[in-house]
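Student: Please take me through this model feature by feature, giving the general idea before the case.

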Amino acid sequence: MNNDQLKADNAQYLWHPMAHPGAMKKSRPDIIAKGEGCWIWDVDGHKMLDGVGGLWACNLGHSNRPVRDAIVAQMDELPFYNVFRGTTHVRAIELSKRLVQMMQPEDVATVMFSNGGSDAVEGALKVARQYHKLKGQADRFKFISLRQGYHGVHFGGMSVNGNSNFRRAYEPLLPGCFHIDTPWTYHNPYTDDPIRLGEICAELLEREIVFQGPDTVAAFIAEPVQGAGGVIVPPPNYWPLVRQICDKYGVLLIADEVVTGFGRSGELFGTRLWGVNADMWCLAKGISSGYIPLGATAINRRIADVFDADTTGTASVSHGYTYSAHPIAAAAALATLDQIEALDIPGNAARVGAHLQTRLRQLVDSCSFVGDVRGVGLMLGIEMVSDKAKRTPMARTSDIPARVAKAAYQAGLMVRISGPNLILSPPLVITREEVDFMCDVLEGAFAAVQEGRA
């Protein structure tokens, strides 16, 4: 099949996530045909550095041999079996033990597997409500989350999402979900002092808990670093204050680590950036390097003990998926975790990521329409603005972000545009030399658009 036919068939037969079907017919997507290391090729043979990491996911790059071999070996041994009540398989047991051991500093006691990040969030929300019921606090059903937060596309996750773009078409959503301001240093009505902002936004959480009634709030859910919302890094005091407030009122803290888990932030888990433990962690993407879909909800000992102690039968977890802990996905995850440790993936993300952050922050001074460059480790957002003084985000009708992305693509770099933001999330095995290539291309792309050459 020739490339033109592939593009025509895509427009006719495939609906894309997060896109208008008509838009994908008018502006056909890039078709990726091959990947090796941190590089990808489209169907026309054009080679690019993958600045997107597949979608925050291909942390080990596109051709990790040990993960590939583990997948093939598992296909030969046992391609599928379920872990519903009464059955399990070897890889599920091995992976659950491995994750619990890896998260020993977090006091994780058990994990519940699913198909991806949205599923992991859904599991955490359900467990939170059930936990309180088991504790005799059935009125604790409400959830509080952050504006700009992203927690997937199931009805529970969508309901705690803090971006109306993901919510409006499907309302009314889950009742009992409330949102407070994000500690966003670049966009907030409160202060330019990051530490004071952390205090204010933590106070907003406490005020919302008190207003709703502490005996009605089940959990607060947030990403350690917001990803899809624009790579928003909170002030260093925010998460410690949040932990204190949740403890004060008996509210569970759920860390959505679908993006930050397994090294992207420069720490193995994003909560470790702040020295804070959550009560549950939502995991996916990097757990299998994106090679096979897999999600997991990690549950701390305090919660697990309440379930284990139940003798009434009400602790039965009526939640799960046919493909929970799929043998091939579990095998891929075990091999991925081996590679994360052997290659010191978090350390590389911290070291190489620091260089990336330093280089690209210079765009604020060199480009007239770059308002802010922010991030940590190997996650970075470049916000484009129409007015630097007022910090006015580039309108969605502007063609400037798309022009920057196109110029980068043509020069050999795949990036992702989300509203006014250009988001970078390259594989965590990327080298300093590859980061320099990425920065060179982006500097050239922004300059070309600024000067009207692209």
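Student: Which strand does Gly295 lie in?

Tutor: Helices (H or I, at least four residues) and strands (E, at least two) are DSSP runs, numbered from the N terminus. Gly295 lies in strand E10 (residues 295–300). The model is predicted: local features need pLDDT of at least 70, side-chain atom pairs count only at pLDDT 80 or more, and totals for chains, interfaces and linings use all residues. Residues are numbered from 1 along each chain as its sequence is written, and side-chain values use heavy atoms, with hydrogens and water left out.

Student: Is Gly295 buried or exposed, and which residues does Gly295 touch?

Tutor: Buried means under 20% relative accessible area, exposed over 50%, and partly exposed in between (1.4 Å probe, protein chains only). Gly295 has 0% relative accessibility and therefore counts as buried. Contact means heavy atoms within 4.5 Å. Not counting residues up to four places away in sequence, Gly295 touches Met112, Phe113, Ser114, Asn115, Gly116, Leu283 and Ala284.

Student: Where is Thr271 found, and is Thr271 buried or exposed?

Tutor: Thr271 is in the loop between strand E8 (252–256) and strand E9 (280–283). With a relative accessible area of 0%, Thr271 is buried. Leaving aside neighbours within four places in sequence, its contacts are Pro224, Trp239, Ala255, Glu257, Val276 and Trp281.

Student: How do I read a cavity, and which residues line the largest cavity?

Tutor: On a 1 Å grid over the protein atoms alone, a cavity is a set of points where a 1.4 Å probe fits but cannot get out, and a pocket is an open set with protein on both sides within 12 Å along at least five of seven lines; lining residues have an atom within 4 Å of a point. Grid points are joined across faces, edges and corners, and a volume is the space filled by probe spheres set on the points. The structure holds one cavity of 30 Å³ or more, and the largest cavity has a volume of about 40 Å³. Its lining consists of Leu146, Thr182, Pro183, Glu223, Pro224, Val225, Gln226, Ile232, Pro234 and Trp239.

Student: What is the volume of the second largest pocket, and which residues are closest to its centre?

Tutor: The volume of the second largest pocket is about 800 Å³. There are 27 lining residues, and Val83, Val111, Met112, Val317 and His319 are the closest to the centre. Helix H5 (90–102), strand E4 (108–114) and helix H10 (301–309) are the elements that give two or more residues to this lining.

Student: How do I read a nonpolar core?

Tutor: In soluble globular proteins, nonpolar side chains tend to be buried together. A nonpolar core is a set of buried Ala, Val, Leu, Ile, Met, Phe, Trp, Tyr and Cys residues joined through side-chain atoms within 4.5 Å. The largest one here has 100 residues, of which Phe220, Leu360, Ile382, Leu442 and Phe446 touch the most other members. Helix H11 (residues 327–342) gives the largest share of this core, nine residues. Apart from neighbours within four places in sequence, Leu442 is in contact with Leu360, Ile382, Ala408, Leu413, Val415, Leu422 and Leu424. A second, separate core of 25 residues includes Val121, Val160, Ile254 and Val258.

Student: What is the strand order in the open sheet of four strands?

Tutor: Two strands pair if DSSP finds at least two bridges between them. The order is E1-E2-E3-E14, with mixed pairing. Strand E1 (32–36) and strand E14 (413–414) are the edge strands, each pairing on one side only. Strand E3 (residues 47–50) pairs with E14 in the parallel sense over two bridges, and Leu49 has Leu413 of E14 as its bridge partner.

Student: How many bridges join E11 to strand E12?

Tutor: Six bridges join E11 to strand E12 (residues 379–387), and the two run antiparallel. Val376 stands opposite Met379 in E12. The hairpin has two residues between the strands, and Gly377 takes a positive phi near 60° there. Strand E11 (residues 370–376) is mostly covered, with seven of its seven residues buried.

Student: Which residues does a cis peptide bond join?

Tutor: Glu171 and Pro172 are joined by a cis peptide bond, with omega about 5°. Pro172 is in the loop between helix H7 (155–160) and strand E6 (177–180).
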